Amino acid sequence: MFHSGIVKGCFNEMFFDDHQIRPCYERVFTHFSGLRSAALEEQSRKARRMFNRLGVTFTVYQESASLERTLPFDILPRIIPMDEWSLLERGVRQRVRALNLFLRDIYHEQEILHDGIVPRELVVTHPDYCWAMVGTKVPFGQYVTLAGIDIIRDPAGRYLVLEDNLRVPSGISYIFENRQMTQRLFPDMCRKYRIQPILPALSFFARYLRSLAPRQTSNPTVVLLTPGKYNSAYYDHVFLSQQLGIHLVEGKDLLTLNNRVFMRTVEGLKQIDVIYRRIDDAFLDPLAFRSDSVLGVPGLMSAYRAGHVALVNAPGAGVADDKAVYAYVPEIIRYYLNEEPILQNVPTYLLDDPEQRRYVLANLDKMVVKKTTGAGGYGMLIGPKASAAEIEDFARAIVNDPKEYIAQPTINLSQHPSLVNGRFEGRHIDLRPFVIGGERVIPGGLTRVALRKGSLVVNSSQGGGCKDTWVVQLDGQQQEAGRECRIVC
């Protein structure tokens with residue numbers, strides 16, 4: 001049943017290198033080993049039908065068109081022992097706290113730029129540096145209310161931060177849908193584990209949003225501003241608005257009067273206190289940013305700057321998740337928190353440095369190259385998988401505009417068994433924990449799966465799937481089972 005094998009140069013989440021089962025997976029392994037291929041396929045089809053009926057979808061953008069499809073769900077959960085999770089939790093909270101302080105600083109005193117820790121040019125000439133935010137007071141200094149931090153494991157099993165997502169990170173709804181699906185399909189197996197609950201995080205998020213209201217009121221009005229049903233993450237928007245108990249609105253539903261934002265309702269205008277926006281900065285307000293935007297609200301930035309409405313996340317947060325700024329995050333942590341980073345970065349080459357650029361150009365076939373402002377897995381070069389022509393195109397682009405790119409050594413992401421044609425085969429995965437208010441981390445986060453064999457691209461927008469992720473406290477019996485590991489591969 002488990003034909004994942006152990007791939008050299010790649011960490012396997014479920015098995016040790018000697019093919020023994022990791023202790024936390026013992027009961028899951030026993031459960032799934034007792035099922036025939038036909039039964040596993042039937043459970044997978046059932047999950048697909050339920051996701052389709054619920055509308056759990058994601059839009060995949062292709063060259064000539066976009067395709068809305070049901071999010072692929074792998075029925076075998078990923079398990080993270082509590083001690084490993086504690087490290088991850090502390091690491092991502094530390095990172096978000098430091099990045100939040102960085103954003104406050106670069107839009108006010110700019111001490112980190114004066115001290116030369118981060119190059120001034122990198123920040124103030126960045127396309128996502130929001131000049132309208134300079135000097136603007138943000139409610140409670142909270143620039144990043146929701147962050148998604150992408151984590152990978154290297155072949156030695158070390159957790160490394162791959163990317164920070166601070167603008168409008170998506171995918172949070174899939175965490176909850178995945179858990180519900182696993183509990184429906186395998187209720188008995190779920191009861192055998194002490195799985196950390198995830199629902200309390202939603203209640204915390206709802207309370208946190210209300211706490212950001214600038215107006216003194218016992219019942220602030222919070223809305224989720226969506227670009228509309230054609231957005232790739234529209235399901236995420238609908239789910240969150242329903243679960244958080246807030247209104248789902250589009251720009252045409254809102255207007256501004258006297259530097260305040262109002263929602264049109266059948267009972268008249270209703271003042272808005274907090275906007276959880278899922279629209280990029282450029283489209284938020286046609287009077288402040290792109291004048292051709294029909295998605296935003298004219299006058300929104302004036303109301304925000306006047307302190308009459310809170311925006312989540314704050315405009316201009318994107319400069320802190322730029323892939324070149326990412327290389328400085330360890331120094332940012334030391335600068336603001338006077339602490340050593342708990343989680344390390346993937347080594348990153350900044351290509352405006354001549355020496356680093358020469359090295360990268362000579363080793364492009366071993367590198368992953370990304371645009372500094374890119375997202376969603378688009379516009380990347382994965383050297384070991386690229387053709388000679390693709391490598392040549394990227395080399396030319398790097399030489400023409402080196403500041404636009406960074407490079408990292410290709411790291412084989414860890415593998416996890418996933419159901420493929422009735423048996424389990426290894427597929428590469430990553431992990432996106434979500435941090436709320438710099439304080440609370442949803443236990444487990446979202447595990448994304450690269451569905452194509454050997455692929456390292458896990459992004460949902462590139463056709464990746466997902467699996468339920470458990471944070472578990474091992475009990476004595478499981479520890480004992482772990483010491484009696486069975487050889488299976």
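What follows is a chat about a predicted model of one protein chain.

Q: How many helices and strands does the protein chain have?
A: In this predicted model, the secondary structure of the protein chain comes to 14 helices and 23 strands.

Q: And how compact is the protein chain for its length?
A: Its radius of gyration is 23 Å, close to the 23 Å that the globule rule gives for 489 residues, so the chain is as compact as a globular protein of that length. Taken along the principal axes, the C-alpha atoms fill a box of roughly 70 × 60 × 50 Å.

Q: What share of the residues count as buried?
A: Of the 489 residues, 56% count as buried. As for contacts between residues with a separation of 6 or more, 69% of them involve residues 24 or more positions apart in the chain.

Q: Let's turn to helices. At what angle do H8 and H9 pack?
A: Helix H8, which covers residues 199–211, packs against H9 at an angle of about 80°, and their axes are 9 Å apart. The two helices are therefore roughly perpendicular to each other, as angles from 65 to 115 degrees count as such.

Q: Which residues make that contact?
A: On the H8 side they are Leu202, Phe205, Ala206 and Leu209, while H9 contributes Phe239, Leu240, Gln243 and Leu244. By class, the residues of this contact divide into 7 nonpolar, 1 polar and no charged.

Q: Which residues of H9 are buried?
A: In H9, which spans residues 234–244, the buried residues are Tyr235, Asp236, His237, Phe239, Leu240, Ser241 and Leu244.

Q: What about H3 and H11, how do their axes cross?
A: The axes of helix H3 (residues 82–106) and helix H11 (residues 329–337) come within 9 Å and cross at roughly 80°, which makes H3 roughly perpendicular to H11. Among the residues in the contact are Arg95, Leu99 and Phe102 of H3, together with Ile332, Tyr336 and Leu337 of H11.

Q: What classes of residue are in the contact of H3 with H11?
A: That contact has 10 nonpolar, 1 polar and 3 charged residues.

Q: New topic: what is the strand order in the open sheet of 3 strands?
A: The order is S8-S9-S10, with antiparallel pairing. S8 and strand S10 (268–271) stand at the edges with a single partner strand each, so one side of each is left without a neighbour in the sheet. From one strand to the next, the twist averages 40°.

Q: What holds strands of a sheet together in general?
A: Strands of a sheet pair through backbone hydrogen bonds, and the pairing is either parallel or antiparallel.

Q: Then how many bridges are there between S8 and S9?
A: Strand S8 (residues 254–257) and strand S9 (residues 260–265) pair in the antiparallel sense over 4 bridges, and Thr256 has Val261 in S9 as its bridge partner. Another 4 bridges join S9 to S10, again in the antiparallel sense, with Arg264 standing opposite Leu269 in S10.

Q: What do S8 and S9 form together?
A: They form a hairpin with 2 residues between them. Asn258 lies in the loop between these two strands, and its phi is near 50°, a positive value in a residue other than glycine.

Q: Is Asn258 buried or exposed?
A: At 70% relative accessibility, Asn258 counts as exposed, because the cut-off for that is over 50%.

Q: Where is Asn338, and what is its phi?
A: Asn338 is found in the loop between H11 and strand S13 (344–345), and although it is not a glycine, it has a positive phi of about 55°. With a relative accessible area of 71%, Asn338 is exposed.

Q: Which residues does the cis peptide bond join?
A: The cis peptide bond joins Val312 and Asn313, with omega about -15°. Asn313 has its place in the loop between strand S12 (310–312) and H11.

Q: Last one: what is the strand order in the open sheet of 4 strands?
A: The order is S14-S17-S15-S16, with antiparallel pairing. Strands S14 (349–350) and S16 (381–382) are at the edges, each with a single partner strand, so one side of each is left without a neighbour in the sheet. S16 is joined to strand S15 (residues 367–371) by 2 bridges, the two running antiparallel, and Val369 has Leu381 in S16 as its bridge partner.

Conventions
Residues numbered from 1 in each chain as written. Predicted model: local features only at pLDDT ≥ 70, side-chain atom pairs only at ≥ 80, totals over all residues. Heavy atoms only, no water. Buried < 20%, exposed > 50% of the residue type's maximum accessible area, 1.4 Å probe, protein only. Pairing = 2+ DSSP bridges. Axes fitted to C-alpha atoms, helices over the stretch in contact; angles between N-to-C directions. Parallel < 35°, antiparallel > 145°, perpendicular 65-115°, else oblique. Contact = heavy atoms within 4.5 Å. Nonpolar A, V, L, I, M, F, W, Y, C, P; charged D, E, K, R; others polar. Rg over C-alpha atoms; globule rule 2.2 N^0.38 Å.
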